[in-house]
Each structure stands twice: as C-alpha cells, then as structure tokens.
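Have a look first, and then we can walk through some points together.

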Amino acid sequence: MPYIQFTDDQKRRAGEVDLEQFLLRQGERLLSSGFEKRLTSDHSITVRGNEWYDHAVKVGGGPVSFLQKFYGLSYPEAVTRLLDGEQGEAFEPVDRRKPRERKEFSLPPASSNMRRMYAYLLKQRGISREVVDAFVHAKLIYESAEPSADGSREYHNAVFVGYDEHGVARHAHKRGLYSFGEGFKRNVAGCNARYSFHCFGSSDQLYAFEAPIDLLSFITLHPEGWQKRSYVALCGVSENALLWILEQSPALQQITLCLDNDKAGIEASQRITESLWEKGYSHIETLLPSQKDWNAELTDGAVPEKQEMTMTM
C-alpha cells in the first residue's frame, strides 16, 4: 500500500478546520453547552473551534483525531476529508522483504609506494621496521591510494589483509595515515569477519587483539620468537575470526586474549573466555595492557597486567 505524504501546509490546514462547521456540513446535530457544542448523538462529546473532548473517557484532540476515532478513517483519509478531497503525494513503500544485495568484496587499489604507510607505522605508532617488513613481505599489509569522489585527491590508508583457507583475500581493514589517535578506520565493504587480519605460527600459542595496530605493537614489545606464535586481530570484539583460526589449526590450545583495557574489551574477554570453555579449551589467559590498548603500551612503555583463566571442573 502506498504511503501518502502531506505537505506541512496541508497538515496545518487540516488541523485548523473548525469542527463545529465541519460537523454541521456532515449533517451532525449539535446542542449548545456554554461556549461549547455537544453532539446530539453522544452528549459526552463536546467541540469548540478545532478541538474536541470526550468527557466520558477524558480524552480529546483536533480534527484529524476526531475523524480517526469517530468516523473510523485512516490518517490520510481523515486529512483528505478535512481538506475537501485534496490529497497528498503517494509514495510506494520499500519492499522490506527483498534482501539487500551484498556488495562484492575487493581490495582497495595499491599505492605506487608505501612511503606514507611506513612513516605512519614506524614514526607515529612506534612499530618495529622488522615487524612491518615481515607483514609486508607476506602481503598482509600494504598502502592503498583511493581517489576521492570528485577525483580531486587521493586517500592513502594502511590496509591490513585477511585471507581464507585457500589463500584468497576475503577481509581488509583500512587505517588512515593522516592522523594519530582515533582517526579513520573501517573494514572494507563486503568483507567477511571470519577472515580478519591474522597469521599462523608453528607453536600451540594464539594471541588475539582488537585491532591490527595493537597486534603489531604487541609483537614489537615482545619480539623474541614471535614468528612461532599465531596472531589474530578481531577488528572489534567479536570472536568470529578467533573461532575460525581455532577451527583451521586444532593444535592451538594456549590462547591469550589481549583486548583493550576498557569496559568493552574486558567484557568481551570474559564473554570469549566462557565461550572457549564451552568448546573445551582449558588454558586461556587474559593479558591486559596497563594503558587503554597495546599501541599506548608501546608508546608509553608501561608494564602489562596478566590474568590467567583456567577452567575449573
């Protein structure tokens, strides 16, 4: 059924209709009652100007609500009746049953060099060049160059890529290179959260983080033997990517949750821990940075707080 849109002027005029005159034109009989008029068909209802009141149930309103309540009309019908047949503009409603078309995922176009990305990660974020080099070599990080809508400039971002079990890129997280702090960060449209930024090692240890920057910061803080361990950045606080990593590598049994040291991160750590316990994982640690996140830990040089959570029978 189409949606009827009335202009503000139409709504105003309908709401200002003199109910006494309108009802008389409809053949209604009215009785004087002081400054008001009563309906002969129902003495509990009085009208005065453009207002009505039902004394029996103690409710009232204007012309539109009167026609809706006592004439059984819909809102568009009531307004049209009050305006002597003047109608609003009809709009067809959106078919909400039709599923939204999922945008096809594709990696952002690469820049001709990674100069801005290296400067941002090394100088502003304090991440080790050796760590950045290793992820760049593995095609897990690169710099993008995307034109603006009007083509007047290019936007450069660090892109953190996630691959599926067949080595196909299925996820990408973009981080703006133009500012420190929060700045621009967004997952690329159409990506699959299960394949968020990650890398596999050879040991049974898995470390999980909220953001790729925190993952790289942690490795910079703890570089010894880092390539033997597995890492995943959830790009948020959902455990989808973590669970997929564990499905792909059953040998991973030592799980350390390194989420942010804030309300959302702490609550997510507890929720994910309980979920992992239910799935049979018994050795789970929560390692909190003493700052809000691991990049702040890296740049401020504080000592992290470790909490071990072992399943009790």
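1. Let us begin with one residue. Glutamate 146 is buried, at 17% relative accessible area, where buried means under 20% relative accessible area, exposed over 50% and partly exposed in between (1.4 Å probe, protein chains only). Glutamate 146 sits in strand S8, residues 141-147. Helices (H or I, at least four residues) and strands (E, at least two) are DSSP runs, numbered from the N terminus. The side chain of glutamate 146 makes a polar contact of 3.5 Å with that of asparagine 157; such a contact is a pair of N or O atoms within 3.5 Å, where within protein one must be able to donate a hydrogen and the other to accept it, and residues adjacent in sequence count only if both atoms are side-chain atoms.

2. A word on the source: this is a predicted model, in which local features need pLDDT of at least 70 and side-chain atom pairs count only at pLDDT 80 or more, while totals for chains, interfaces and linings use all residues. Residues are numbered from 1 along each chain as its sequence is written, and side-chain values use heavy atoms, with hydrogens and water left out.

3. Now for the overall picture. The protein has 10 helices and 17 strands, and 42% of its 313 residues count as buried. Contact means heavy atoms within 4.5 Å; of the contacts with a separation of 6 or more, 58% are between residues 24 or more positions apart.

4. Which residues touch the most other members of the largest nonpolar core? They are Met117, Phe135, Ile141, Leu215 and Tyr231, in a core of 31 residues. A nonpolar core here is a set of buried Ala, Val, Leu, Ile, Met, Phe, Trp, Tyr and Cys residues joined through side-chain atoms within 4.5 Å. Among the elements that each supply at least two residues of this core are helix H5 (115-124), helix H6 (129-137) and helix H7 (212-221). A second, separate core of 20 residues includes Tyr195, Leu252, Ile255 and Tyr281.

5. The buried residues of H7 include Asp214, Leu215, Ser217 and Phe218.

6. The structure holds 0 disulfides, a disulfide being a pair of cysteine sulfur atoms within 2.5 Å. For cysteine 191, the nearest cysteine sulfur is that of cysteine 235, 7.8 Å away. Cysteine 191 is buried, at 14% relative accessibility.

7. Finally, the charged pairs. There are 12 salt bridges in the whole structure, each a side-chain nitrogen of Lys or Arg within 4 Å of a carboxyl oxygen of Asp or Glu. Arginine 116 forms one with glutamate 143, with the closest N and O atoms 3.6 Å apart. This pair links distant parts of the chain, as arginine 116 is in helix H5 and glutamate 143 in strand S8, 27 residues apart. Arginine 116 is partly exposed at 34%, whereas glutamate 143 is buried at 1% relative accessibility.

8. Other pairs lie within a helix. Lysine 263 and glutamate 267 form a salt bridge at 2.7 Å between the closest N and O atoms; both are in helix H9 (residues 263-278), 4 residues apart, about one turn of the helix. In helix H1 (residues 8-15), arginine 12 and aspartate 9 are 3 residues apart, so about one helical turn separates them. Their side chains meet in a salt bridge of 2.6 Å, N to O, and a network of salt bridges links Asp9, Arg12, Arg13 and Glu16.
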